[in-house]
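Reader: I've got the sequence and the fold up on my screen. Can you walk me through some of the strands and rings?

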Amino acid sequence: MSLASPLTLAVDVENLGLFELDGNAMQDDALPPPYDWETLHEGVPAGVVFTGINPDPENPQRILAGGVKDIQDISLGGITSKVWKWTTGSVPDKSNIKNAYAASMVYNNPNDENDPNNGDRIIYFGADRFSNVGDTFMGFWFFKNKITIPEGSIDEFSGIHKDGDTLVLVNFPQANNAVPLIQVVEWDSSCDGKGANKIVNNGYKDGDCVANNLRLVAGTSGAGAICGNGGIEDACAITNDMTIDSPWDYTSKDGFVNQFPYETFFEGGINLTKLFPDSDGCFASFLAETRASSSFTADLKDFVLDEFPVCSTDITTEIHSDSNHDDDIQNTAINAGTGIHDLALITFSGPSGLNVLGTVTFDTFAAACNELLDSQGEPIVPLPDSLDTYVVNVNYDLAGDNTLMVETNGWTNGNTGGGLTRSDTDFPAPGPFAYLVRFESETNGIPDSGYHCEQLNVNQLTPSVVTRIHQGSVSVVGHADVDIQNGTVPVGTTIHDLAEVTGASGLLPTGTISFVFYDNLTCDGNELATHGNKALSGAGVVATAESNDYSTVGYLSNTDTRGLSIKASYSGDTNYAPAMANCEPLTVSKRNPSIETHVILLDQAKVEGDGNSIVGVGDPGGVVDFDIYLNNNCAGTPEETVTNVALADVNGDLIARMTQEVIVKALNTTSHVSYKATYKGDNNYKSVAHACEVVAVTLPAKTTAN
């Protein structure tokens, strides 16, 4: 541990060797540091925050509206009812700013670790004006909040004052006996004119409230206000007392080109650390202004506004997957079902050891970034509804590279990770998908980040669709899962179709199947039937649906065969694209009949009288009985007996004819049938039996169609 030497003294802001506060913009020393505006204009060294040489926009020129004062807040939402407004127009030539600029540097003496200025943040500022005819009253604001002119605004600013905003007033009046003046003023909302915070209008000293919301920090007048004249240590300003060169494009009112006439170029510096020992030293925006007078409540004239990220919060993002935390997949395409999470990389610039508190908010959208942010990077109003929102609390000590990593799953590389796994949080549906991310600070001096958007596109998956034709009714529980496509079924068969949709990535296909039946084998004929909107069901990644029954009864006419085919189509769903199965052919044929011959035997008996001509006797009458045997000798018990078969005149004969058929069906063999007929007699004739009749029948085998 070392102690500072009692002989080591603080150094005036103009003598630190960081920057040439010498009343010109050109680099005097061959090898900086010290730097000058010319050096910064050509390239910004490491460790320097520089606004750039910012020209005052023209055609039209923006100026502050009448009545705008430093004691007013910037926009609504602040602490004053009247706020800054801008307009277009002109200001007096002496108040017309041509360019404005500011830079921030940190002093470190490598040769003396005990130098009391080590670690001090020094703010340098400057501006040049159009004409030197008239007094110069200038102000340089350094805002902790980001102050902008919103896109499309016609008179408004965005952003509000924050306690600790710093205003440096520089006055170089030209009247006789007028003296230069530099004052460093702090925005302090406690300066409300009440009690200890009364407004001191005359005889004020450092620390007094000199106007509403303004507290004087330090100041001096006369020669001491000018750099190099031994004024106060921590603030000074200077103007050019002769014509000097300009390192950037510049033309004065009286025609000087790239040269500053005397008292048109102004620069100065303040030791922010010494003036504001409790400050974090952070700013977000810079504004140069011209003023109507040296009064703290003077009306403001012209202005130049720019970012000044002395302490800044920059945010970028990467889209990762749980399986790969190294590859950024934003602006690529992924398949539905892919798990992802977002990584925000937040880089802070600020003093080492500062504890940063805040939140990182991730909103997800089914949209592209150009649907969420305008060309200025601001959210479009109104934003579409977010799908999900993830909020991660931040508690981070600035050190090293000052980059905090935060993921949607809550993991961070800071001290709030808590051992959380870096798992995926989102499984976006097909279409555009975006993360909109922002850091919001709860630490004084650390600004909020802007919005950052990143996107990717999610592709629909393409499922496979296979089909099987089943025989039988779909209503039969547990019907056989036998695929009969490419086969043949006989006419009259009932069939139905089954479609199986197989997905991927753990996503079960949903949606419907439509089945179309065609009258040919190639699914391009006439449509026989459509069974549509059959809902899929299943588990895992496999889902099925079945058609209604289709009966082929009556499907054939003259032809022996006819083609039939089925085409199944999948409707698709959120994750899966529509898909078609292959055509399923099936042939329907006429059924195969067989033919066999049978012999039908019907016996008959003819009965005749004895031929007499006796009157009253005549022909025989009565009935005949038939005994039927399935043998060749009328032996045994008759197979069947037919009795009382009446005699009838058949072409002049008396015939008793059986009506009971005997059908011979035995194929490929000889069958015998024998008959025994008995006339039963009547009143004139006796009964008489006929001899045994034998019939032998030989039938061929049954013939079946091919």
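This is a predicted model: local features need pLDDT of at least 70, side-chain atom pairs count only at pLDDT 80 or more; totals for chains, interfaces and linings use all residues.

Reader: Which residue in β5 is the bridge partner of proline 55?

Author: Strands β2 and β5 run antiparallel and share two bridges. Look across from proline 55 into β5, and the partner there is asparagine 99.

Reader: What about strand β1: which residue in β5 stands opposite valine 49?

Author: Strand β1 covers residues 49–50 and pairs with β5 in the antiparallel sense, over two bridges.

Reader: How many of the ten residues of β5 are buried?

Author: Buried here means under 20% relative accessible area. Tyrosine 101, which lies in β5, has a value of 0% and so is buried. The strand is largely enclosed by the rest of the structure, because the buried count for its ten residues is nine.

Reader: On to the rings. How are tryptophan 37 and tyrosine 101 arranged: stacked, edge-to-face or tilted?

Author: The structure holds 25 aromatic pairs, and this is one of them, with ring centres 5.0 Å apart. Planes under 30 degrees apart would count as stacked and over 60 as edge-to-face. The planes here are at 55°, so the pair is tilted.

Reader: How many residues apart in sequence are the parts that this pair ties together?

Author: Tryptophan 37 lies in helix α1 (residues 37–42), while tyrosine 101 belongs to strand β5 (residues 97–106). Tryptophan 37 is buried too, at 0% relative accessible area. Both rings belong to a cluster linked by ring pairs, with Phe50 and Tyr124 among the other members. The pair therefore ties together parts whose separation in sequence is 64 residues.

Reader: What is the angle between the planes of phenylalanine 348 and tyrosine 396?

Author: Phenylalanine 348 sits in strand β20 (residues 341–348) and tyrosine 396 in strand β22 (residues 388–397), so their pairing ties together parts 48 residues apart in sequence. Phenylalanine 348 is buried at 2% relative accessible area, and tyrosine 396 counts as buried at 10%. Their ring centres are 6.3 Å apart and the pair is tilted, with an angle between the planes of 35°.

Reader: Which ring does the charged end of arginine 562 sit over?

Author: There are charges over rings in this model, including arginine 422, which lies over the face of tryptophan 411 at 4.0 Å from the ring centre. For arginine 562, the distance from its charged end to the ring centre is 4.0 Å, and the ring belongs to tyrosine 555.

Reader: Last one, back to strands: in the sheet with β39, β43 and β42, which are the edge strands?

Author: Those three strands form an open, antiparallel sheet in the order β39-β43-β42. Three bridges join β39 to β43 (residues 653–657), and glutamine 604 has arginine 657 as its bridge partner in β43. Each edge strand pairs on one side only, and the two are β39 (604–606) and β42 (648–650).

Terms used: Residues are numbered from 1 along each chain as its sequence is written. Side-chain values use heavy atoms; hydrogens and water are left out. Two strands pair if DSSP finds at least two bridges between them. Helices (H or I, at least four residues) and strands (E, at least two) are DSSP runs, numbered from the N terminus. Rings of Phe, Tyr and Trp (its six-membered ring) pair if their centres lie within 6.5 Å; planes under 30 degrees apart count as stacked, over 60 as edge-to-face and the rest as tilted. Buried means under 20% relative accessible area, exposed over 50%, partly exposed in between (1.4 Å probe, protein chains only). A charge sits over a ring if NZ of Lys or CZ of Arg is within 6 Å of the ring centre and within 35 degrees of the ring normal.
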